[in-house]
Amino acid sequence: MFPVEIRVAAADDIWLSTAYQRDSAYIAIHQFVGMPYREYFDLFESVVGAVGGRPHWGKMHTLDAAVLRERYPRFDDFTALRATVDPTGVFANPYLDRVLGKVS
């Protein structure tokens, strides 16, 4: 198995930061390419979700925009700004559509 990474960060004011308005401890799990990971990742996601964990929206997880909206206080502000600067979804892709919602 790949090592588990642990680090800390001070609270910040970045809308989609995992440390938005709160000091944070990070626990990151990894797995080598080709190794089974889904069961391991799913269990980890359920444990950290139960204690209010915010996954990095750009990293591998199974959450969607509806769930991330609950965990990131300024999520709607970010998506409104995104719609303003990219109204036709030029920078959209299936992954971003899932985690940030479709550009409307």
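Predicted model: local features only at pLDDT ≥ 70, side-chain atom pairs only at ≥ 80, totals over all residues.
## A tour of the charges and the surface

Residues are numbered from 1 along each chain as its sequence is written, and side-chain values use heavy atoms, with hydrogens and water left out.

The C-alpha atoms fill a box of roughly 45 × 30 × 20 Å along the principal axes. Of the 104 residues, 27% are buried, where buried means under 20% relative accessible area, exposed means over 50%, and partly exposed lies in between (1.4 Å probe, protein chains only).

Now select the salt bridges, of which a search of the whole structure finds 4; the criterion is a side-chain nitrogen of Lys or Arg within 4 Å of a carboxyl oxygen of Asp or Glu.

- Select R38 and D42, whose closest N and O atoms are 3.0 Å apart in a salt bridge. Because these two residues are 4 apart in helix α1 (residues 38-50), D42 and R38 are separated by about one helical turn. Both ends are partly exposed, D42 with a relative accessible area of 32% and R38 with 34%.
- Move to R69 and D76, a salt bridge with its closest N and O atoms 2.6 Å apart; R69 is partly exposed at 36%, and D76 is partly exposed at 42%.
- Then take E5 and R7, where the closest N and O atoms of the salt bridge are 3.6 Å apart; E5 is partly exposed at 34%, as is R7 at 46%.

Finish at F2, F32 and M35, which form a nonpolar patch on the surface with about 280 Å² of accessible area together. F2 lies in the segment before β1 (5-9) and is partly exposed, with a relative accessible area of 32%. Patches consist of residues with over 30% relative accessible area and no salt bridge, like charges being joined within 9 Å and nonpolar side chains (Val, Leu, Ile, Met, Phe, Trp, Tyr) within 5 Å. Accessible areas come from the Shrake-Rupley method with a 1.4 Å probe, and for residues only the protein chains shown count as cover.
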